[in-house]
Amino acid sequence: MPKEPTHIAVAQKQRLKIKQKSAKYTPGRVTLQILGTGANGAPGSVYLFSDQSRYLFNCGEGTQRLAHEHKTKLAKLEHIFITQPKWKNIGGLPGTALTIQDVGVPQITLHGPEGLNEIFPATRRFVVIRDLKINMADCSETTTFEDNALRVEYVHLHKSVSQSGLEKDVQASVEQRSSSISSRNGESLVEDDTDYYAHEQSGRRPAPSAKSISSATQMLLKGFKSEAISMCYICRLQPRPGALNLDKCVKNGVPPGPLLGLLKNGEDVTLGNGTVVKSVDVCEPDDPGPIFLVVDCPSADYLESLASNPRMKKHQKFAQFDDDAACLVVHFTPKDVMELPLYKRWMEDFTPSTQHIQVNDSNSCMGSTAVHRIQYKLNLLSPDFFPLLGDRGTPSLCETFGNHQNKKQKSEDINFANLNLDIAPANNCKTVNENRSIGSLSSYYLRPKKGFDSTSHINLDTQEFIDETMSLPQFSDALKELHQKLQIEKSNYTIRDYPQVLFLGTGSCIPNKTRNTSGILLQISDTKNILLDCGEGTCGQITRFFGQEKANKVLTEIDAIYISHLHADHHIGLIGVLQGRRKALDLLRIEKAPLILFAPRQILAWLAFYDRFFENIKDEYVLVPNGELILNETTFADEKRIKILSNLDMSDISTCLVRHCPNAFGVSITHESGYKITYSGDTMPSEKLVELGKNSDVLIHEATMEDELAKEAVVKMHSTTSQAIQVGKDMKAKHVILTHFSQRYAKLPRFNDNFADNVSIAFDNMQVKLDELPLVPLLYPALKIMFADHYEQLEHKAVKRQLKAERQAFLEQPKLQQNQS
């Protein structure tokens, strides 16, 4: 849900003043930092920052969440460089654009292959960009980008000529097959004119433009997809005069005062005694600006173009001047391509002083410590409900050397003693990844000194996570009591292995450190899964929970995905899951039919656009429109319906329209064995949902707001916690699981008297079997102690709201009396 821009205009004005003031200075500190490592399930993203400006190289799904967790300041971000318009590089663009819009960035410039910017018109219905101007830079090979900090040249990599001809034949075959699938899905390139945020408009925001994509633009985009350019970047920091050395000034007799400023600016000065002091004698050597390269060679088809590129050679060992040799190469190139002999030989052509970073699938760190922190804490309560995450890519602190503090280092706080300037011999072709682990926040300092900070990457202090929880007052006693109750109560139930519900995302609108956007994995059996909603980063959440090997198996077993409505936080991760499933199927050499996509029909406008102009995804799914499964009004063909239900081991799947944005649905799923699960999606209390979910075993219902925010919930068309619980009572559901919490409830929602023994609170990475649900409410007393500080803040804010409301009512009382008289 987009925020009203009450503060954005002011933030933009302040930002403009700061920019104008700093534009005439060349920054003295510049750092390149790994935000996302490119590990499986994690974005590959590099963040370049100075004391004045910010730049981002590639922006995959999850970039926004990592930036939020690690307090990466996006307020000065104005330029995003994309190597290829593939989902792994651009999946995080919509969410990141919303974030930087909200912090007052007036405009953003995209750099990359042509057509890249069309992703925003395609998503304008569910990603509302109203206060952020998005520009597309001219990235031809004859142009350069330049500002006060950086100069960038664009290098285009092309597929080999013979491969291009073959590719056209393959593409024609794909388009023919896609045409058949399009017919099966009943889709064509149509415009979706729905305003999915109309219910939140205050009259200040115009509805998204209904402008259609012109035929000329469509032709250009198809050409760009066929050409498939990969963009590399030659980046050079702007030259900077050498710093004034005060010791040398004193030695030469220069007095304090304006003469120092003249010397600093490169002017020679004459002292009172007639002595001439030259600037060059009291200043450090000028810094011509180090060069670093950003390289993405997507496949072997591009290797010839890379290896023979004369502009790249100018920065290898063939450089005419020492200052032209690259000090660093950032490789977005996939691991399997980097292992090819021609790529290795190309790397050997760099100087021995050049260092290399791989931002690709050779890494294992997924970038987040916060998710591990809360999982270790919750695991103390119940290892069954909160198993430790399968992601083992982030090193534990006990595995690392030194007394490293797990805090983000600021550029201005560089400890140059930590810089590792050891250079690997070029003829061994050793990259940084072979010498040390590359994790999120690993940093390479470009100015004032060049080198890696050996302590900057993240680590997990698992013992600290446990100790800080166990040291809480009364927690040990509460934990002991909880374990005793769980042991006693568990003996009263026969617990089947399936079904299991795994919550991948339990937050609303935007992700935070502990709650990702909506995603629920319903595990029907050990070979069959259904995914309910698919917010940004859902595929990564699956990888993080299960670990890479098991995640591949889980992805191949997703036979259906249900999308409740077309707000971005419920479906923007769909393409990532489709591609992740295909990759896993190919890796495990499994042949499987396309998954069933239950979704509003209008989703085809987005999916067809992406398939036609960016990447082929259409053969990964078969659409079953939610509107054709309405309870008691089913229009879906019986023969197809019976076949789908049989393949999913279901006896019924029905939907209903709910009270949220247009084309928002709730769903009920009834298994062959008889159990019934109902999912609300986003909605206000809905009578149709009550009818749909009658006598459900489980109702999973959104609970975005606490009860005191009922008016706000009406405006946003969401439910409060008590409203969600009441819906469960009305439909006579045996159990109610609350999810989709506002991000103000990052750890716990506010409890009230309506939280009965059959009401559960969902957390990210909580896995619960249907028969275990009666045990979940036993955790509440220990949870309140564990998150006591957070819960106390919620209560304090509630008291302040109540006092404010009482004051407002008191002030309005005379007006009411006057009107009555």
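Reader: Which residue forms a salt bridge with R311, and how far apart are the closest N and O atoms?
Author: This is a predicted model, in which local features need pLDDT of at least 70, side-chain atom pairs count only at pLDDT 80 or more, and totals for chains, interfaces and linings use all residues. Residues are numbered from 1 along each chain as its sequence is written, and side-chain values use heavy atoms, with hydrogens and water left out. A salt bridge here is a side-chain nitrogen of Lys or Arg within 4 Å of a carboxyl oxygen of Asp or Glu. R311 pairs in this way with E153, and the closest N and O atoms are 3.1 Å apart.

Reader: How many residues apart are R311 and E153, and in which elements do they sit?
Author: Helices (H or I, at least four residues) and strands (E, at least two) are DSSP runs, numbered from the N terminus. R311 sits in helix α12 (residues 310-313) and E153 in strand β8 (residues 150-157). The pair links distant parts of the chain, with a separation of 158 residues.

Reader: Is R311 buried or exposed?
Author: Buried means under 20% relative accessible area, exposed over 50%, and partly exposed in between (1.4 Å probe, protein chains only). R311 has 18% relative accessibility, so R311 counts as buried.

Reader: Which residues are linked with R311 in a network of salt bridges?
Author: E153 also forms a salt bridge with R151, again with closest N and O atoms 3.1 Å apart. R151 has a relative accessible area of 32%, so this residue is partly exposed. The network joins R311 to E141, E146, R151 and E153.

Reader: Where is D324, the salt-bridge partner of R236?
Author: The closest N and O atoms of R236 and D324 are 3.0 Å apart. R236 belongs to strand β9 (residues 230-237) and is 88 residues from its partner. R236 is partly exposed because its relative accessibility is 22%. D324 lies in the loop between α12 and β13.

Reader: What is the order of the 6 strands in the open sheet?
Author: Two strands pair if DSSP finds at least two bridges between them. The pairing in this sheet is mixed, and the order is β7-β8-β9-β12-β13-β14. Its edge strands, each pairing on one side only, are β7 (144-146) and β14 (355-358).

Reader: Which residue of β14 is the bridge partner of V330?
Author: Strand β13 (residues 328-331) runs parallel to β14, with 4 bridges between them. The bridge partner of V330 in β14 is I357.

Reader: What angle does the direction of helix α14 make with that of β13?
Author: Contact means heavy atoms within 4.5 Å. Axes are lines fitted to C-alpha atoms, for helices over the stretch in contact, and angles run from 0 to 180 degrees between N-to-C directions. Helix α14 (residues 341-348) packs on the sheet and touches β12 (291-295), β13 and β14. Its direction and that of β13 make about 160 degrees.

Reader: Which residue in β22 stands opposite Y562?
Author: Strand β21 (residues 558-562) is mostly covered, with 5 of its 5 residues buried. β21 pairs in the parallel sense with strand β22 (residues 595-599) over 3 bridges. Opposite Y562 stands F598.

Reader: With which side chain does the side chain of T721 make a polar contact?
Author: T721 is in helix α27 (residues 721-730). Its relative accessibility is 2%, so T721 counts as buried. A polar contact is a pair of N or O atoms within 3.5 Å; within protein, one must be able to donate a hydrogen and the other to accept it, and residues adjacent in sequence count only if both atoms are side-chain atoms. At 3.3 Å, the partner side chain is that of N752.
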